[in-house]
Structures are given as structure tokens and as C-alpha cells.
Amino acid sequence: YMDFSSTLKLSTTIEDLKKMLEERHALSMDSFKLYHDTYSAENELPMYNKTISLKECGIKGGPQDNPPSSTIIYDFRPTKEGNGRDAVLLSFQVNNA
């Protein structure tokens with residue numbers, strides 16, 4: 001449940017990712033951050049523009065029948081309705097088509 005794999009188009013936006021993860025965990029997220037490959041400040045994806053795509057974040061794609069994999073790590077704090085006291089750090093594998 002915590003680790004999972006998903007195939008996404010490079011046109012997928014930061015907002016699309018957030019919505020997908022909120023649906024997966026059945027809660028709303030505050031203080032949402034994304035990281036590419038490792039949990040470090042230099043690998044944090046830009047959150048200032050929620051319409052930015054995975055491609056614009058520098059994530060590489062490939063053919064749909066054999067897409068490369070990337071790891072996206074997400075860090076969030078559930079909203080107060082979801083007992084928003086503790087931050088949660090999770091990751092998932094992305095196949096970039």
C-alpha cells in the first residue's frame with residue numbers, strides 16, 4: 001500500500017500527481033512536496049507552479065511499450081480533517097511513457 005508503481009505520461013502535472021495521491025490515500029494533503037529519485041533538497045520538484053509537467057521537471061520518458069522508471073518520493077501533511085499532525089514520507093515508482 002505504501003509503495004506502488006504507476007505509468008504516467010510526461011504531460012502529467014504536479015496537480016495531477018497530488019490528486020492521484022489524495023485519491024490513493026483517501027485524504028486531502030497539506031504541505032505537499034515531491035522529490036525525484038532521492039529525498040534531498042536538490043531533488044525537490046518545483047511546487048510553485050502546480051501546472052508544471054513531469055517533463056518540465058526534467059523527468060525523462062521513453063516508448064510507451066518500454067518506458068524508463070523513475071522514483072517519485074512524496075512528503076505531505078494530511079489536512080486537519082485527516083488528523084494533520086504528523087508528516088508522512090512515501091515513494092512510488094513511475095514508468096514514464
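Helices and strands are here taken as DSSP runs, numbered from the N terminus, and in those terms D37 is found in the loop between strand 2 and strand 3. The structure is a predicted model, and its chain comes to 1 helix and 4 strands, which run β-α-β-β-β from the N terminus on. Of the 97 residues in the chain, 40% are buried. Among contacts in the chain between residues at least 6 apart in sequence, 62% join residues at least 24 apart.

**The nonpolar core**

- The largest nonpolar core has 17 residues, and those with the most contacts inside it are I14, F32, L34, L45 and Y74.
- Two or more residues are given to this core by each of strand 1 (4-8), helix 1 (14-25), strand 2 (29-36) and strand 3 (69-78).
- If neighbours within four places in sequence are left aside, L34 is in contact with I14, L17 and L21, with N43, E44, L45 and M47, and also with I72, I73 and Y74.

**Helix 1**

- The buried residues of helix 1 are I14, L17, K18, L21, E22 and H25, and because they cover an arc of only 135° around the axis, they lie on the same side of helix 1.
- Helix 1 is followed by A26, a residue whose phi is positive, near 55°.

- T13 has its place in the loop between strand 1 and helix 1, and with a relative accessible area of 15% it is buried, because buried means under 20%.
- The side chain of T13 reaches the backbone nitrogen of D16 at a distance of 3.0 Å.
- Not counting residues up to four places away in sequence, T13 also touches K50, T51, I52 and S53.

**The aromatic pair**

- A pair of aromatic rings is described by the distance of the centres and the angle of the planes.
- The count of aromatic pairs comes to 1, and this pair is formed by Y35 and Y39, whose ring centres are 4.8 Å apart and whose planes stand at 75°, so the pair is edge-to-face.
- The two partners can also be described by their accessibility: Y35 is buried, with a relative accessible area of 5%, whereas Y39, at 46% relative accessibility, counts as partly exposed.

- Most residues other than glycine have a negative phi.
- D37 is not a glycine, although it has a positive phi of about 75°.
- With a relative accessible area of 43%, D37 is partly exposed.
- Y48 is also found in the loop between strand 2 and strand 3, and at 71% relative accessibility Y48 counts as exposed, because exposed means over 50%.
- Although Y48 and I14 are 34 residues apart in sequence, they are 9.7 Å apart in space, taken from C-alpha to C-alpha.

Note on methods:
Residues are numbered from 1 along each chain as its sequence is written. This is a predicted model: local features need pLDDT of at least 70, side-chain atom pairs count only at pLDDT 80 or more; totals for chains, interfaces and linings use all residues. Side-chain values use heavy atoms; hydrogens and water are left out. A nonpolar core is a set of buried Ala, Val, Leu, Ile, Met, Phe, Trp, Tyr and Cys residues joined through side-chain atoms within 4.5 Å. Buried means under 20% relative accessible area, exposed over 50%, partly exposed in between (1.4 Å probe, protein chains only). Contact means heavy atoms within 4.5 Å. The arc is that of the directions from the helix axis to the C-beta atoms. A polar contact is a pair of N or O atoms within 3.5 Å; within protein, one must be able to donate a hydrogen and the other to accept it, and residues adjacent in sequence count only if both atoms are side-chain atoms. Rings of Phe, Tyr and Trp (its six-membered ring) pair if their centres lie within 6.5 Å; planes under 30 degrees apart count as stacked, over 60 as edge-to-face and the rest as tilted.
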